[in-house]
Amino acid sequence: MDVVARLASQRAVVIFSKSTCCMSHAIKRLFYEQGVSPAIVEIDQDMYGKDIEWALARLGCSPTVPAVFVGGKFVGMANTVMTLHLNGSLKMLLKDAGALWL
């Protein structure tokens, strides 16, 4: 859990992903299109990937990726992030975290 918390607090937006996951790709693209430059942790390419995946599972992430943190706080998985985007509240979260300036 400490590894996830430390990584999640290093940038305004952190996405835990797997390089082969299509939903991870879609969520990363969503943030890039919003003008956000998130930190991406590809857990299938990280030496601590198994520990990170275990910690994400303990947070309730199922499947474990993509897991999105904004402002150091767990926002949710792809479903939640897309819902926030569609109802307009994702932009406010990003502004509050300092990930967007406009």
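Tutor: Let's start with strand 1, which is covered on both faces: Val13, Ile15 and Ser17 on one side and Val14 and Phe16 on the other are all buried. Keep in mind that this is a predicted model, where local features need pLDDT of at least 70 and side-chain atom pairs count only at pLDDT 80 or more, while totals for chains, interfaces and linings use all residues. Residues are numbered from 1 along each chain as its sequence is written, and side-chain values use heavy atoms, with hydrogens and water left out.

Student: What makes strand 1 "mostly covered"?

Tutor: 5 of its 5 residues are buried. Buried means under 20% relative accessible area, exposed means over 50%, and partly exposed is in between (1.4 Å probe, protein chains only). As for the two sides, in a regular strand the side chains alternate between the two faces of the sheet.

Student: And what makes something a strand or a helix in the first place?

Tutor: Both are DSSP runs numbered from the N terminus: helices are H or I with at least four residues, strands are E with at least two. Strand 1 covers residues 13–17.

Student: How do you know that strand 1 and strand 3 pair?

Tutor: Two strands pair if DSSP finds at least two bridges between them. Strand 1 and strand 3 (residues 67–70) have 4 bridges, in the antiparallel sense, so they count as paired. Val13 sits opposite Val70, Val14 opposite Phe69, and Phe16 has Ala67 as its bridge partner.

Student: Which way does strand 2 run beside strand 1, parallel or antiparallel?

Tutor: Parallel, with 4 bridges joining the two. Ile15 faces Ile40 of strand 2 there.

Student: What is the order of the strands in the sheet?

Tutor: The order is 2-1-3-4, in an open sheet of 4 strands with mixed pairing. Strand 2 (39–42) and strand 4 (73–76) are the edge strands, since each pairs on one side only. Strand 4 pairs with strand 3 in the antiparallel sense over 3 bridges, and Val68 stands opposite Gly76 there. In that hairpin, with 2 residues between the strands, Gly71 takes a positive phi near 65°.

Student: Is strand 3 covered on one face or on both?

Tutor: On both: Ala67 and Phe69 on one side, and Val68 and Val70 on the other, are all buried.

Student: Why are helix 2 and helix 4 called roughly parallel?

Tutor: They pack at an angle of about 30°, with their axes 10 Å apart. Axes are lines fitted to C-alpha atoms, for helices over the stretch in contact, and angles run from 0 to 180 degrees between N-to-C directions. Angles under 35 degrees count as roughly parallel, over 145 as roughly antiparallel, 65 to 115 as roughly perpendicular and the rest as oblique. Helix 2 and helix 4 are therefore roughly parallel.

Student: Which residues meet between helix 2 and helix 4?

Tutor: Met23, Ile27, Leu30 and Phe31 of helix 2 meet Ala78, Val81, Met82 and His85 of helix 4. Contact means heavy atoms within 4.5 Å. Helix 2 (residues 22–33) also lies across strand 1, strand 2 and strand 3, at about 160° to strand 1.

Student: Are Cys22 and Cys61 buried or exposed?

Tutor: Cys22 counts as exposed because its relative accessibility is 61%. Cys61 has a relative accessible area of 3%, so it is buried.

Student: Why is Ser9 called exposed?

Tutor: Its relative accessibility is 53%, so Ser9 lands in the exposed class. Ser9 lies in the loop between helix 1 (2–8) and strand 1.

Student: Where are the cis peptide bonds?

Tutor: One joins Ser62 and Pro63, with omega about 0°; another joins Val65 and Pro66, with omega about -5°. Pro63 is in the loop between helix 3 (49–58) and strand 3, and Pro66 lies in the loop between helix 3 and strand 3 too. Most peptide bonds are trans.
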